[in-house]
Amino acid sequence: MESGCGRAARRLAGSTPAAESRRGRGATANPTGRFEPAAREAFADGWEIEDELPPLRTEVTLERARSIITRNTSPDIGFDRSINPYRGCEHGCVYCFARPNHAYAGLSPGLDFETKLFAKPDAAALLERELSARGYAPRTIALGTATDPYQPIERRYRLTRGVLEVLARFRHPVGLVTKSDLVLRDLDILAPMAAQGLVKVALSVTTLDPDLARRMEPRAPRPEKRLAAIRALAAAGVPVMVLVAPLIPGLNDHEIEAVLTRAREAGASEAGGVLLRLPHELADLMRDWFAEHFPDRAGRTFSLLAQSRGGKVYDATYGRRFTGTGPYADLLDQRMRVTMTRLGYPAERVRLRTDLFRVPLQKGGQYSLF
């Protein structure tokens, strides 16, 4: 009988560029998005000349957004508004739950997600306008909930820094989520905000194994650099949470205690974990990735996921989608809680202030009329 990984590899074979051309990328395939009316499949007809293909290059499209704050009413998410200055992410994390969103742009959740990016150059101006609107009530903005605000192209576009500059002027609380030490570039903004109780940073440390990290998240900073970022942020007085996420059964789940220990030693004061989520096309993308990198582990990974997702690889039900249910999911939760208690992680999480918010004066001493 053909394995799940084998079926996925066969389904995605026509959308899989040669390994040399996708070196340094996370996804192993580029399947057609689910909203496209037709799928394209390459096949060898004997006429092509087997020349070496050039590496996939990153393309960035400027997107003129009408607004920048996204609202949500999800009952199992601790924030009701977020900002993502970029769509797509060059870090190339194969497991990224945001990959299927690229289908809304008519692109593939596979390699397109990490090579065809969108940047919102008006992010800071839009944010200033929205925060100045009459009747705006401040609550913590989550920055980087879908794609990393400190992915490599941030060095060039500096959109995240622009957003932080606006938030600092408005004294608005923000929670950052990243897996990049580029966040340290903005310590001159983050440290003063932290002193006012306006910011905290969540650093994702998926694994301590540099080889596994290179395969799963090829363009993200290596694990030691992330731990160094936790140390530097904490030393500057910025509250830091470590995210042991995603927890992938049979691949990195054995590292829970080690990651929590190293992060606590570096100064992390909070911790969290999320079970691997595989919405839409992501399930087949992960199967194809396993077939290339860890074919011997795929069976255990997807079996444990199914045990934790009611027999499916993904369950989108509120309250269960992040943690799963059943013995394996309960064991992960218990290991997290026991280890955090042993290491002295505080039971209470840092709560950011909203009472300092104010709309700054415009030039000439006039308040905004928005």
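Which residues touch the most other members of the largest nonpolar core? I opened the notebook with that. The model is predicted, and I kept that in mind.

**Entry 1: the core**

I looked up the largest nonpolar core and found 80 residues in it. L127, L131, I230, V242 and M286 touch the most other members. Helix α10, residues 282–293, gives the most to this core, with 6 residues. I also noted a second, separate core of 5 residues. L117, A119, I153 and L159 are among them. The general rule I wrote beside this: in soluble globular proteins, nonpolar side chains tend to be buried together.

Next I picked L131. I left aside its neighbours within four places in sequence. L131 is then in contact with I69, Y136, I141, V166, L167, F170, H172, F357 and V359.

**Entry 2: the whole chain**

I checked the overall make-up. The protein chain has 12 helices and 10 strands. Of its 370 residues, 50% are buried. The chain exposes about 17800 Å², and carbon and sulfur atoms supply 52% of that area. I then took the contacts between residues at least 6 apart in sequence: 80% of them join residues at least 24 apart.

**Entry 3: a sheet**

I traced an open sheet of 3 strands, in the order β1-β5-β4, with mixed pairing. Its edge strands are β1 (59–62) and β4 (86–87), each pairing on one side only. Strand β5, residues 116–119, pairs with β1 in the parallel sense over 4 bridges. V60 stands opposite L117 in β5. L117 was already in my notes, as a member of the second core.

**Entry 4: the rings**

How many aromatic pairs does the structure hold? I found 5. W289 and F294 form a tilted pair, 5.7 Å centre to centre, with 50° between the planes. Why does W289 count as buried? Its relative accessibility is 0%, so W289 counts as buried. F294 is buried too, with a relative accessible area of 11%.

I turned to F290 and F302. Their ring centres are 5.8 Å apart and their planes lie at 70°, so this pair is edge-to-face. The pair links distant parts of the chain: F290 is in helix α10 and F302 in helix α11 (residues 298–308), 12 residues apart. Both F290 and F302 are buried. Ring pairs link W289, F290, F294 and F302 into a cluster.

**Entry 5: charges over rings**

I ended with two arginines. The charged end of R264 sits over the ring of Y345, 5.2 Å from its centre. R277 lies over the face of F97, at 4.6 Å from the ring centre.

Methods: Residues are numbered from 1 along each chain as its sequence is written. Side-chain values use heavy atoms; hydrogens and water are left out. Two strands pair if DSSP finds at least two bridges between them. Helices (H or I, at least four residues) and strands (E, at least two) are DSSP runs, numbered from the N terminus. Buried means under 20% relative accessible area, exposed over 50%, partly exposed in between (1.4 Å probe, protein chains only). Contact means heavy atoms within 4.5 Å. Accessible areas come from the Shrake-Rupley method with a 1.4 Å probe; for residues, only the protein chains shown count as cover. A nonpolar core is a set of buried Ala, Val, Leu, Ile, Met, Phe, Trp, Tyr and Cys residues joined through side-chain atoms within 4.5 Å. Rings of Phe, Tyr and Trp (its six-membered ring) pair if their centres lie within 6.5 Å; planes under 30 degrees apart count as stacked, over 60 as edge-to-face and the rest as tilted. A charge sits over a ring if NZ of Lys or CZ of Arg is within 6 Å of the ring centre and within 35 degrees of the ring normal.
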